[in-house]
Amino acid sequence: MPYTPGAVLDGLQATLGVVALGAVDSAGVAWYLQTLDGWDSPDVRAEFTDREGDHGAWASPVYLGARPITLGGTIVAPSRALLDQAMDQLRAAASLSGTVLTVWETVPKQATVLRSGKPLMQYTSATVATYSVMVTAEDPRRYGTTLESETTNLPSVTGGLTLPATTPWLLSATVVAGQIDAANEGDFESRPVLSIAGPVVAPQVQVQMPDNTVRLVSYSQDLAAGEVLVIDTDKRTVTINGAVSRRRFLTLPSGWPVLPANSVTSFLFHSTTYNPTATLTATWRSAWQ
């Protein structure tokens, strides 16, 4: 039977690169998604050493491993030529260099995945084929589809005046805080990217954690106009203008900052010298296990 382009099919819905699984594409090809193994949870890396002369075991730290995912289903096309074209599109979507897999749950989530197994495709008729594609997300987190981004300047003081008199009268000044509040609405920690644009003298970022502890991110060098320092807390890299490593100039006395689950973390931008054009930008996504 003919399918209506753009129609949503019964069952699961996901998008792998540009291929919409669980829907009918513009050529009238129906992409049924019937299995989505591995999306529910990643593997766990842990070791347990038996306690000598006692019950139980000693546990090592527990970490999430990579997330292998298998997508399987059926392709129904109006013609053999369109079926062959669809199969080629799916092979290309399961990229060797990485592509975005989005699963359309109640709260849509995504992961960057790479092909990790041979794409299996089998004709069942001239216009119908089954498929099974295995991909793996190096990062086990499932991220929100919205990339959050906020920018702030250095804090400044406006207003304030002391009137000369026998008893001084003080009009309070207002401090415009250089602050970004980053909300992680997921159930697992997320890792932000901080970008500092010069000119700015030895910038610092105070990270106010939800438990009221503070983590300091301190860069010992000055940034000139046009220079942008990017601090990637997941990759643990520090680069200037996207190329040159500046990791040796960054001090992290309390470790790399993260965004804990179901909470708001604040980033406070500081420098010993005020410059109105210096900016701090934080980008992040909510994250789930």
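I began with the largest pocket, which holds about 740 Å³ of space. For the term itself: on a 1 Å grid over the protein atoms alone, a pocket is an open set of points where a 1.4 Å probe fits, with protein on both sides within 12 Å along at least five of seven lines, and lining residues have an atom within 4 Å of a point. The volume is the space filled by probe spheres set on the points, which are joined across faces, edges and corners.

A note on what I am reading: this is a predicted model, where local features need pLDDT of at least 70, side-chain atom pairs count only at pLDDT 80 or more, and totals for chains, interfaces and linings use all residues. Residues are numbered from 1 along each chain as its sequence is written, and side-chain values use heavy atoms, with hydrogens and water left out.

Back at the pocket, I found 28 lining residues, with Asp 139, Arg 141, Tyr 143, Arg 191 and Asp 234 nearest the centre. Strand β11 gives the most to the lining, 4 residues, while β8 (63–64) and β27 (279–284) each supply at least two. Helices (H or I, at least four residues) and strands (E, at least two) are DSSP runs numbered from the N terminus.

I then followed the open sheet: 6 strands in the order β15-β27-β19-β22-β23-β24, with antiparallel pairing. Strands β15 (148–153) and β24 (244–245) are at the edges with a single partner each, so one side of each has no neighbour in the sheet. Pairing here takes at least two DSSP bridges; β22 (228–232) and β23 (237–240) have 4, and Asp 232 is bridged to Thr 237 in β23.

Last stop, Asp 84 in helix α1 (80–93). Is Asp 84 buried or partly exposed? Asp 84 is partly exposed, at 27% relative accessible area. Its side chain makes a polar contact of 2.5 Å with that of Tyr 123 (N or O atoms within 3.5 Å, one able to donate a hydrogen and the other to accept it, and residues adjacent in sequence counting only if both are side-chain atoms).

Terms used. Buried means under 20% relative accessible area, exposed over 50%, partly exposed in between (1.4 Å probe, protein chains only).
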